[in-house]
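Start with the terms, then follow the chain.

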Amino acid sequence: MAAASYRDLKVWQESMSLAQRIYAATCEFPAEERYGLAQQMRRAAVSIPSNIAEGYGRRTARQRFNFLENALGSLFELETQTELSARLGFLRDTDATELAATIRGLGRGLTALMRYVQEQAREEKTRYT
């Protein structure tokens, strides 16, 4: 994590954009879903950049990695919820396709960052043992 701030991380920037898109898309959900699936999707979407940011503030690479794992878990949760929303007809096909592509791309970026942080954790362990 050579970035000066978590705000400089591409995955954080992309996850913030994704969260905005999820908020916009869920505004169009049926009223009865306002506190159901729409709310779950919003929480999962917000959790992704939040965990990236929180992890960035941790002292050790192992701690950072744990928060990145949480972010990835929230991303998978959001991916499932997005697919369900599309199957239920709550999302337009074009929105569902674009969101799915964004989620997959973010997953690749997050996984790459996790590999980098995991290597840092190995180096820290070697250094301190």
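A residue counts as buried under 20% relative accessible area, as exposed over 50%, and as partly exposed in between, with a 1.4 Å probe and protein chains only. On that basis, 42% of the 129 residues of the protein chain are buried. This is a predicted model: local features need pLDDT of at least 70, side-chain atom pairs count only at pLDDT 80 or more, and totals for chains, interfaces and linings use all residues. Residues are numbered from 1 along each chain as its sequence is written, and side-chain values use heavy atoms, without hydrogens and water.

The fold comes next. The protein chain has four helices and zero strands, where helices are DSSP runs of H or I with at least four residues and strands are E runs with at least two, numbered from the N terminus. The C-alpha trace spans about 55 × 25 × 20 Å along its principal axes.

Now look inside. The largest nonpolar core has 36 residues. Such a core is a set of buried Ala, Val, Leu, Ile, Met, Phe, Trp, Tyr and Cys residues joined through side-chain atoms within 4.5 Å. Leu9, Leu18, Ile48, Ile52, Leu78 and Leu110 have the most contacts inside this core. Helix 1 (10–26), helix 2 (37–56), helix 3 (61–87) and helix 4 (93–127) each supply at least two of its residues.

Which residues does isoleucine 52 touch, leaving aside neighbours within four places in sequence? With contact meaning heavy atoms within 4.5 Å, they are Leu9, Val11, Trp12, Ser15, Leu68, Ala71 and Leu110.
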